[in-house]
Amino acid sequence: MGFTKTHNPGRKDTFSVATLRGSRKQAKQRRRRARRVRIGAPDHRLTGVGGVEAVRELDRVLGITRALDAGIGAVKQRARGLTGGQALMTMASAQLTGQDHMVGLDRRRADTAGQLLEPVPTPASTTWAGIAKRFTDTHLAGIPAALKVINTDWVNRLPAVRRRALLREVTIDGDSTDVEVYGRTKQGAAHAYTGALTLRPHIGHWAEAGVPLAADLLGGKEDPRSSVVDLLDRAIGALPDGVEHIRCRWDAGYFAADLAKACITRGIRFAIGAKRTRPLIVAAGQAPDEAWVRAIGMEDTEIAVIDHLPGTWPKDAGIRCIARRTRIPVERIPTARARKRRTIPDAQLALALEGRIDAVYGYSFILTDLDLDDPQDTPDEDQGLRLAEVEWWYRHRTDIEALNKDAKHGTALRHLPSANRQINSVWMHAALIGCAIAAWMQELAGTDHGNGRGRFTVARFRREVICTPARLTRQAGTILLRPPPGDQLLAFVLPQLQRLAGPD
């Protein structure tokens with residue numbers, strides 16, 4: 001307490017008032033000293049996206065920008081400023097850092113330290129838009145040829161087991177996805193069935209590798225079947241050398257005989273979803289009970305081969321129809337807005353709603369030329385296994401939904417920011433190249449368990465690799481990235497890429 005001598009309760013004592021007063025004053029001063037935090041001068045050696053250096057290293061290893069330039073060709077008459085390949089690469093890099101509008105390029109330019117790591121110097125947003133507007137359909141058609149060069153080099157760098165697995169059989173998944181846009185001046189935008197104003201990217205993916213191969217930007221109401229054969233050809237052209245077999249999967253939105261004929265002509269096995277028409281439902285109802293076998297991984301679901309083929313489809317090409325039915329109890333019938341409700345025949349649904357039956361069946365159909373017959377020595381308990389495996393493989397066509405989600409929320413395909421359709425097309429291709437960069441890098445660095453199934457989403461890849469804050473310093477002519485304390489995935493990925501030699 002600051003007393004000058006010990007206090008004896010049995011007698012009177014005097015105390016040093018000055019000492020008490022001084023102690024109180026010191027305590028009061030201590031209480032007044034509040035914690036102070038001030039913003040200092042910006043440190044231009046700091047960047048929030050130190051992982052961009054990994055993108056630069058991948059560009060060095062695979063020659064991404066160089067291959068894009070060779071495939072696209074010259075977009076300007078004078079060899080000044082950014083080339084077409086550099087324009088795509090700088091936008092892909094910006095989108096990987098989380099920039100989802102063109103003005104994000106200006107934010108990237110303001111990152112002084114980050115610019116030292118970029119694979120391509122970041123232009124102003126207006127400059128990039130001017131270059132993107134010069135792209136023609138011919139320029140964009142050269143991107144799959146560039147991807148073929150990159151994919152070939154990439155596959156050849158993978159471990160032998162993984163390389164053989166990827167080249168032995170390739171699956172191409174085709175799908176379209178609607179992107180909501182705003183403004184009446186958007187070229188090609190139209191109101192979709194949901195009422196939203198949309199544009200429609202139409203994408204072909206390499207399913208096993210998670211790499212986009214080809215894409216078109218369609219209008220909001222354009223039928224993707226009108227250009228699907230051209231998309232298929234470009235997707236095939238983007239595959240690496242040495243592929244042995246190609247299969248493709250398409251949903252019912254691509255139900256067209258022309259697509260099936262194109263696949264047959266090119267020697268590609270296919271599985272295409274079929275529209276639920278009355279003849280198909282009648283044929284499924286006529287299938288005998290012993291024809292139905294249990295589906296893999298789905299409860300109360302059976303599949304069978306039924307005798308039906310649409311009139312315009314080739315009859316002598318070995319195409320067969322698979323029917324899938326799922327038993328749905330009345331109490332679990334979906335609401336009127338649910339897509340699953342449309343799989344239930346109207347007659348069954350009416351009886352169920354009247355309470356006259358206790359369950360209904362939802363039907364789906366697939367047309368395919370894949371082999372559905374079991375080997376002759378198959379045991380009785382395994383009969384129908386080959387059919388079930390084909391249906392299970394087709395059901396995993398939904399992998400492309402995850403890849404589309406990656407392009408929207410991992411890069412920036414959820415926006416198409418310009419009124420100009422050509423600029424939006426270049427933006428879309430940059431987003432897809434960003435997705436490919438994430439897949440290529442994870443395979444080469446070995447962070448996806450070597451089978452593609454441990455692959456990070458692009459959003460997680462950005463969070464854990466690209467958006468690693470770091471301070472840049474120099475030591476003996478070497479740039480040092482100094483990340484914050486703790487385990488950083490970038491500290492594993494970057495050295496793995498730096499060990500690799502560049503393209504021949």
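Reader: Is G51 buried or exposed in this model?
Author: In this predicted model, G51 has a relative accessible area of 0%, and because anything under 20% counts as buried, G51 is placed in that class.

Reader: Where is G51 found, and what does G51 touch?
Author: G51 is found in the loop between β1 and α2. Leaving out residues up to four places away in sequence, G51 touches V465, I466, T468 and L490.

Reader: And how far apart are G51 and L239 in space?
Author: From C-alpha to C-alpha the two are 28 Å apart in space, while in sequence G51 and L239 are separated by 188 residues.

Reader: OK, what about β1, which strand is joined to it by bridges?
Author: β1 is joined by 2 bridges to strand β13, residues 470–475, and the two run antiparallel. Within that pairing, T47 has A470 of β13 as its bridge partner, and L46 stands opposite R471, also in β13.

Reader: What is the strand order in that sheet, then?
Author: The sheet is open and has 3 strands in the order β1-β13-β14, with antiparallel pairing. β1 (46–47) and β14 (478–482) stand at the edges with a single partner strand each, so one side of each is left without a neighbour in the sheet.

Reader: How many bridges pair β13 and β14, and how many residues lie between them?
Author: β13 and β14 pair in the antiparallel sense over 5 bridges, and one of the residue pairs involved is R474 with its bridge partner I479 in β14. These two strands form a hairpin with 2 residues between them, and A476 in the turn has a positive phi of about 55°.

Reader: Switching to helices, how do α2 and α17 cross?
Author: The axes of α2 (residues 52–62) and α17 come within 11 Å and cross at roughly 80°, which makes α2 roughly perpendicular to α17. On the α2 side A54, V55, L58 and L62 take part, and they meet I437, W440, M441 and L444 in α17.

Reader: Which residues touch the most other members of the largest nonpolar core?
Author: That core has 119 residues, and W128, W154, W313, I437 and W440 touch the most other members. Helix α17, residues 421–445, supplies the largest share of this core, with 17 residues.

Reader: One last thing, where is E118, and is E118 buried or exposed?
Author: E118 is found in the loop between α6 (112–115) and α7 (125–132), and at 3% relative accessibility this residue counts as buried.

Reader: What does the side chain of E118 make a polar contact with?
Author: The side chain of E118 makes a polar contact with the side chain of R108, at 2.9 Å. Leaving aside neighbours within four places in sequence, the residues in contact with E118 are V52, R56, S93 and R108.

Definitions and conventions
Residues are numbered from 1 along each chain as its sequence is written. This is a predicted model: local features need pLDDT of at least 70, side-chain atom pairs count only at pLDDT 80 or more; totals for chains, interfaces and linings use all residues. Side-chain values use heavy atoms; hydrogens and water are left out. A nonpolar core is a set of buried Ala, Val, Leu, Ile, Met, Phe, Trp, Tyr and Cys residues joined through side-chain atoms within 4.5 Å. Buried means under 20% relative accessible area, exposed over 50%, partly exposed in between (1.4 Å probe, protein chains only). Helices (H or I, at least four residues) and strands (E, at least two) are DSSP runs, numbered from the N terminus. Two strands pair if DSSP finds at least two bridges between them. A polar contact is a pair of N or O atoms within 3.5 Å; within protein, one must be able to donate a hydrogen and the other to accept it, and residues adjacent in sequence count only if both atoms are side-chain atoms. Contact means heavy atoms within 4.5 Å. Axes are lines fitted to C-alpha atoms, for helices over the stretch in contact, and angles run from 0 to 180 degrees between N-to-C directions. Angles under 35 degrees count as roughly parallel, over 145 as roughly antiparallel, 65 to 115 as roughly perpendicular and the rest as oblique.
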